[in-house]
Amino acid sequence: NIGLDRWYTLNVPSGTDTLQMANDLGTYTNIFEVAEIVGIGGTAGKPLDPSFSLQYSLHNYGQTIQGQPGINDADVDGPEAWDMYTGINGDITLAVIDSGVDPHTEYNDRLVPGWNTYSNNSDTSDGCPHGTHVAGISGALGNNGFGIAGMNWGVKIMPIRVLAACSGGTDQCADGIIYAVDNGAKIGTMSLQYYTFSQYFEDSTIYAHTNNVLLIAANGNNRGNVVAYPAKFEFCMGIAAVNN
C-alpha cells in the first residue's frame, strides 16, 4: 500500500556525486516517484575510551575534575556532533603548527608528511613535547577503548615544527602557515603565543585566508586579558579555555 516493493538501491562507482545524481533522476517524474541518497549513520552516544570522562570540554555532565565539580553541559557538545559526523572519511587535513608531532597509536595511520621550518628539514619530531598533545586532542581515534577521544576521529595530521624546542620566532611560525597552505591543509591549529607584532606573520594569515584555510590559535596564557598573536590577527580564530 505504501510502495515498499517499488524501492531499488543503486550501487554506483566511487566518487560519484550521488546527491546530484538523485536530483537528476528525480526530474524524470514519469519514471521515478522518488530518488534519494542513502544516509550514513551508526551508533551514537559517548565513546568507550577510558579517559573520556576526564574530557569535560567535550562532554560535561557535572563530573568532578581535580576536586572541582563541573557545570552540566558546559562543553562543545562532542557526542552530539559525533551523532552527525566523526570524521571517519579522512577528508580533512589538519596542520599542527607547533613543536612537532611524535607518532602515536591513536593517529599513526593518519600522519602525512610535514616540515620543520626552524631547521629547514623533514624532522618533525616533537622537541618540547607539546604538539603531540595537541594532535591527540584534535585527532585521537575515538571509541577504540584506548586513551581519549579526539575531536575528529579521522582527520589527517600534518606535523609542522616551527619551534626549536618549546620556543621560536614569528617568522618560523609564518613559514609554517605558508607550508600548510601550499601542501593541502584545510585547517591550521597553533597552540602558540607571541606578543610581538610582525607584518610578515600577519601576511601569512592573510595568505591562508585567501586560500580558504582556517587558522585557529590560542588567545595566550601569559598576559591576562591581552590576546596574543596570531590569535589577534583578523584572519585567525582566537580560542580561550575555561575550567570544568
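Modeller: We take the cysteines first, then the ring pairs. This is a predicted model, in which local features need pLDDT of at least 70, side-chain atom pairs count only at pLDDT 80 or more, and totals for chains, interfaces and linings use all residues. Residues are numbered from 1 along each chain as its sequence is written, and side-chain values use heavy atoms, with hydrogens and water left out.

Biologist: How many disulfides does a search of the whole structure find?

Modeller: A disulfide is a covalent bond between the sulfur atoms of two cysteines. The test here is a pair of cysteine sulfur atoms within 2.5 Å. The search finds one. Cys128 is joined to Cys166, S to S 1.9 Å. The torsion about their S-S bond is about 110°, so the disulfide is right-handed.

Biologist: Which parts of the chain does the pair link?

Modeller: Helices (H or I, at least four residues) and strands (E, at least two) are DSSP runs, numbered from the N terminus. Cys128 sits in the loop between strand E4 (115-116) and helix H3 (131-139). Cys166 sits in the loop between strand E5 (156-161) and helix H4 (170-182). The two are 38 residues apart.

Biologist: Now the rings. How many aromatic pairs are there?

Modeller: Rings of Phe, Tyr and Trp (its six-membered ring) pair if their centres lie within 6.5 Å; planes under 30 degrees apart count as stacked, over 60 as edge-to-face and the rest as tilted. The count is eight. One of them is Trp82 with Trp153: centres 4.9 Å apart, planes at 45°, so tilted. Trp82 lies in helix H2 (residues 78-84) and Trp153 in the loop between H3 and E5, 71 residues apart in sequence. Trp82 is buried at 6%, Trp153 at 12%.

Biologist: What is the geometry of Phe201 and Phe233?

Modeller: Their centres are 5.4 Å apart and their planes at 80°, so the pair is edge-to-face. Phe201 is in helix H5 (residues 199-210). Phe201 is buried at 0%, and Phe233 is buried at 3%.

Biologist: Which residues do ring pairs link into a cluster?

Modeller: Tyr194, Phe197, Phe201, Tyr229 and Phe233.

Definitions and conventions. Buried < 20%, exposed > 50% of the residue type's maximum accessible area, 1.4 Å probe, protein only.
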